[in-house]
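Morning, everyone. Let me put the model on the screen, and then I'll walk through it.

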Amino acid sequence: MPSYSELRKTNHFYYFIKFTLNIYSMLFSLMGLCVLCVGVYAEVERQKNRTLEGVFLAPAVVLILLGLVMFTVSVVGMVGSLRDNKTLLHMFLCVLCVLLLLQAVALITALIFEKKTSALFQNSIQEGIKHYYDDLDFKNIMDYVQQKFSCCGGDEYKDWGVNQYHFCNGTGPLACGVPYTCCVRGKVGEVINTFCGCKTLDKPVLGRGECLVCVLKRSSCLLQRQSLLEVIHVRGCIHAVNLWMSDNIGTTIALCCAIGLPQLLGIILSCVFWNLLVDMSLSSDMVDFKLLKKAGFEYSDLDLAGAGWCMCLPRDEGYLPVPAAEPELDPIDVHLQKLKKQPPRTHSQLQKLQESRSAIGLDEVDIGRKQKREH
């Protein structure tokens, strides 16, 4: 089996890395375009209703930004790999490294400063709860999370008291209550009572010590707490999601890998291909018009029969024009060239040279002609 250093010199390795990176970039550019289209559609629909401020409260804006980044970066990688452009490939590599590093830093920061991260999400969720019925995007996300993780509100169920339809001083049918997605479901397929969370915000959920005092005093607070837990979920969604991630650590790691590994694969492919192009640009197997122009060659001097439609495919024999071999000169011409290079001779020197040739019987011209006949 050939070693890696030998394998990377073959055209098969070049084509494999080139088109793998190209397909990789093409798939992510299509995904980014789809995300961008969904984000634009969601933003147009969101603008018809009340517009919210804040990154966490506008999923459409997040989708637009995510789609733009994915599409732009992927197109740079796709064009760079297709045209063998080292500048675009280097840009693609650097952007992927920066994005992956930022995600890793954000994850580590969130784990280290868990309380501050929870407070940030709590403030954002409370701001969204204020406009719960005005922003359909946030409403759909909040309803899904509350039903999926059996939770209510951000930090606790009383967060719903900041909504104008749910605070206890209101007079509407939803006053001092929570949305029906906070309610405990009895059976699967059961008809949902949309007013099941009415009048639940004014019912306290006491701690163990307080309940123990209540039991000792034979008060009704324990029954009150028990009746509330049977109606709605009192745990906040922030704590519920953290608890789910802790209980399902394997799934959590798998989700992180599903986000990070494709980016890491793109970094490895682009790094290998960029180094391969750097090595190839130093040889004659590469069509590098800048280097050819510096060397004094014109575009018309090249034989681009195997360069492909992209004018970027290498071939073993290269594309640089091979200088034509000098024609074989006649011995007489060679003798004349030698005579031209020799310094002028005096009459006595020429006489001695003629005598030596006569003694041999052949001069240099006759010797050259004799050798030519023999060949």
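Is Val 278 buried, partly exposed or exposed? Val 278 counts as partly exposed, at 28% relative accessibility. The cut-offs: buried is under 20% relative accessible area, exposed is over 50%, and partly exposed is in between, with a 1.4 Å probe and protein chains only.

Ground rules. This is a predicted model, where local features need pLDDT of at least 70, side-chain atom pairs count only at pLDDT 80 or more, and totals for chains, interfaces and linings use all residues. Residues are numbered from 1 along each chain as its sequence is written, and side-chain values use heavy atoms, with hydrogens and water left out.

Back to Val 278. It lies in helix 10, residues 249–281. Helices here are DSSP runs of H or I, at least four residues, numbered from the N terminus.

Thr 252 is buried, at 12%. Beyond its neighbours within four places in sequence, Thr 252 contacts Trp 244 and Met 245. Contact means heavy atoms within 4.5 Å.

Now helix 9, residues 237–247. Its buried residues are Cys 237, Ile 238 and Ala 240. The face turned away carries exposed Ser 246 and Asp 247. The buried residues pack against helix 5 (114–130) and helix 6 (136–148).

Next, the cores. A nonpolar core is a set of buried Ala, Val, Leu, Ile, Met, Phe, Trp, Tyr and Cys residues joined through side-chain atoms within 4.5 Å. The largest has 19 residues, and among those with the most contacts inside it are Met 142, Trp 160 and Val 178. Helix 5, helix 6 and helix 9 each supply at least two of its residues. Helix 9 gives the most, with 3. A second, separate core of 17 residues includes Phe 13, Leu 93, Phe 273 and Leu 276.

What does Val 178 touch, not counting residues up to four places away in sequence? Its partners include Cys 152, Tyr 157, His 166 and Ile 232.

Last stop, helix 2, residues 11–47, which holds Arg 46. Arg 46 is buried, with a relative accessible area of 5%. Its C-alpha atom is separated by 7.0 Å from that of Asp 135, 89 residues apart along the chain.
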